[in-house]
Amino acid sequence: MGLTFLAAGTSIPDLITSVIVARKGFGDMAVSSSVGSNIFDVTVGLPFPWLLYSIVNLGDPISVNSNGMLCSICLLFAMLMFVIISIAAFHWKMTRKLGFMMFILYIAFVAISILLEYEIIPCVSV
């Protein structure tokens, strides 16, 4: 739960800048900023501590134990596809309807993630 609050706290600057840019009429820039910051977090923020651990421990492997990793990766990929399809369906323009669609997709993602975490929806183990 603490990590969730930490993640929300680090997203607040992105939210503020996106709102400022969107109010100036650059909604596309606001969306690309939020997507770009998340891509940076996943490609740099997550692996960097593991890289430091490997350097300090002279290349010792890091074991990752997660029963739901496959389902989480599939869910993230599906959400990425839904976001791209939604943006294309609204002709690459940020509108209120697209914003509402993004909000619905976010709620769906959080709901499915919670159901997977509490094993209400079973996830296949590889």
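Mentor: The protein chain has 5 helices and 0 strands; helices (H or I, at least four residues) and strands (E, at least two) are DSSP runs, numbered from the N terminus. The order of elements from the N terminus on is α-α-α-α-α. This is a predicted model, in which local features need pLDDT of at least 70, side-chain atom pairs count only at pLDDT 80 or more, and totals for chains, interfaces and linings use all residues. Residues are numbered from 1 along each chain as its sequence is written, and side-chain values use heavy atoms, with hydrogens and water left out.

Trainee: What percentage of the residues of the protein chain count as buried?

Mentor: Buried means under 20% relative accessible area, exposed over 50%, and partly exposed in between (1.4 Å probe, protein chains only). Here 10% of the 126 residues of the protein chain count as buried. Ile20, in helix α1 (residues 2-23), is partly exposed, with a relative accessible area of 44%.

Trainee: Which residues make up the largest nonpolar core?

Mentor: In soluble globular proteins, nonpolar side chains tend to be buried together. A nonpolar core is a set of buried Ala, Val, Leu, Ile, Met, Phe, Trp, Tyr and Cys residues joined through side-chain atoms within 4.5 Å. In this model the largest one consists of 5 residues: Cys71, Leu75, Met79, Leu105 and Leu116. Two or more residues come from each of α4 (69-89) and α5 (96-117), and α4 gives the most, with 3 residues.

Trainee: With which residues is Leu105 in contact, leaving aside its neighbours within four places in sequence?

Mentor: Contact means heavy atoms within 4.5 Å. On that basis, Leu105 touches Met79, Phe82, Val83 and Ser86.

Trainee: Which residues of α2 and α3 meet?

Mentor: Val42, Thr43, Val44 and Gly45 in α2 meet Pro47, Phe48 and Pro49 in α3.
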